[in-house]
Amino acid sequence: MKIFIDTANIEEVKAAYDLGVIAGVTTNPSLAAKEGRAFEDVLHDILGIVDGPVSAQVTDTEAKGMIAQGEDFAALSDKVTVKVPMGLEGLKAVAHFAKRGIKTNVTLIFTINQALMASRAGATFVSPFINRLENVNHDGLQLIEGIADLFTTHAIPTEIIAASIRTPYHVTKAAQAGAHIGTMPYDVIRQLVQHPLTDQGVKKFLDDWSKYQAAVLA
Ligand code: E4P
């Protein structure tokens with residue numbers, strides 16, 4: 001499973017990208033709104049750092065407007081993936097982008113049928129939301145597994161981005177369930193690296209080394 005960062009914050013993108021593990025970025029209007037500057041500028045900055053798909057979400061609610069917004073985003077770089085909310089209007093826009101060779105990420109996927117519909121409209125990616133499903137007492141990881149099974153059975157090339165990830169456990173389980181990509185906040189990426197036994201181990205190595213050095217130099 002590839003790792004994407006889910007943020008519109010340029011410092012977080014840089015920090016994660018420096019780790020060498022980031023294959024792409026996803027943004028959404030809520031994340032973009034936190035940045036307090038024009039989204040086009042944010043997108044431009046992210047595109048300057050990341051060598052991989054960068055999802056930019058349309059905010060119009062009708063296919064015509066989604067298409068206009070998405071085409072503007074896509075004109076910036078072939079790394080841009082137009083993120084489109086699931087729905088009838090969204091699917092029309094996705095079908096249009098697919099014909100023009102523009103990558104799409106259909107977001108707010110909560111059922112296997114939604115993923116099937118998005119894929120058949122020509123979506124490059126679908127984004128099932130784990131945490132938001134768990135918040136309403138449904139199993140988000142089972143959804144990932146179901147979509148992965150369906151795509152394998154029918155040889156559907158659309159890739160699954162496990163989204164709305166909150167914990168390292170979500171990451172492990174989404175990868176095991178067959179997600180091609182997991183998109184997550186920087187804080188989760190940081191947690192994936194950490195373990196108290198690693199910290200203890202580093203400390204012990206350094207303590208032992210200092211003692212040895214002190215004995216040799218004494
Ligand atoms: C993914 O592309 C979305 O931006 C993201 O994961 C949204 O979900 P959340 O707000 O529940 O984290």
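**Exercise 1. Which residues is Val 25 in contact with, leaving aside its neighbours within four places in sequence?**

*Solution.* A word before we start: the model you are looking at is predicted.

Step 1. Find Val 25 in strand β2, which covers residues 22-26.

Step 2. Set aside the neighbours within four places in sequence; the contacts of Val 25 are then Phe 4, Ile 5, Val 13, Ile 46, Val 50, Val 54 and Ser 55.

Step 3. Decide whether Val 25 is buried or exposed. A residue is buried if 20 or more other C-beta atoms lie within 10 Å of its own. Val 25 has 27 C-beta neighbours inside 10 Å, so Val 25 counts as buried.

Step 4. Val 25 and Leu 150 are 125 residues apart along the chain, and 25 Å separates their C-alpha atoms.

**Exercise 2. Describe the protein chain as a whole.**

*Solution.* Step 1. Begin with the secondary structure: the protein chain has 11 helices and 8 strands.

Step 1. Turn to the extent of the chain. Taken along the principal axes, the C-alpha atoms fill a box of roughly 80 × 40 × 30 Å.

Step 2. Ask how much of the chain is buried. Of the 218 residues in the protein chain, 40% are buried.

Step 3. Finish with the contacts between residues at least 6 apart in sequence: 54% of these join residues at least 24 apart.

**Exercise 3. Work out how helix α6 packs against helix α8.**

*Solution.* Step 1. Locate the two helices: α6 runs over residues 112-121 and α8 over residues 140-153.

Step 1. Read off the geometry. The helices pack at an angle of about 40°, and their axes are 9 Å apart. Because of that angle, α6 is oblique to α8.

Step 2. Find the residues that make the contact. On α6 they are Ile 112, Ala 115, Leu 116 and Ser 119, while α8 brings Leu 143, Gly 146, Ile 147, Leu 150 and Phe 151.

Step 3. Sort them by class. The contact of α6 with α8 has 7 nonpolar residues, 2 polar and no charged.

**Exercise 4. Examine Leu 108 and Asn 137, two residues with a positive phi.**

*Solution.* Step 1. Check the angles. Leu 108 has a phi of about 65° although it is not a glycine. Asn 137, also a residue other than glycine, has a phi near 70°.

Step 1. Place each residue. Leu 108 sits in strand β5 (residues 104-109), and Asn 137 is in the loop between α7 (130-134) and α8.

Step 2. Count neighbours. Leu 108 has 20 other C-beta atoms within 10 Å, so Leu 108 is buried. Asn 137 has 6 C-beta neighbours inside 10 Å and therefore counts as exposed.

**Exercise 5. List the residues around the ligand and sort them by class.**

*Solution.* Step 1. The residues around the ligand are Asp 6, Thr 26, Asn 28, Thr 107, Ser 127, Phe 129, Asn 131, Arg 132, Ala 163, Ser 164 and Thr 183.

Step 1. Sorted by class, this shell holds 2 nonpolar, 7 polar and 2 charged residues.

Definitions and conventions: Residues numbered from 1 in each chain as written. Predicted model: local features only at pLDDT ≥ 70, side-chain atom pairs only at ≥ 80, totals over all residues. Near = placed C-beta within 6 Å. Nonpolar A, V, L, I, M, F, W, Y, C, P; charged D, E, K, R; others polar. Axes fitted to C-alpha atoms, helices over the stretch in contact; angles between N-to-C directions. Helix = DSSP H or I, 4+ residues; strand = E, 2+ residues; numbered from the N terminus. Parallel < 35°, antiparallel > 145°, perpendicular 65-115°, else oblique. Contact = placed C-beta atoms within 7 Å. Buried ≥ 20, exposed ≤ 12 C-beta atoms within 10 Å, placed from the backbone.
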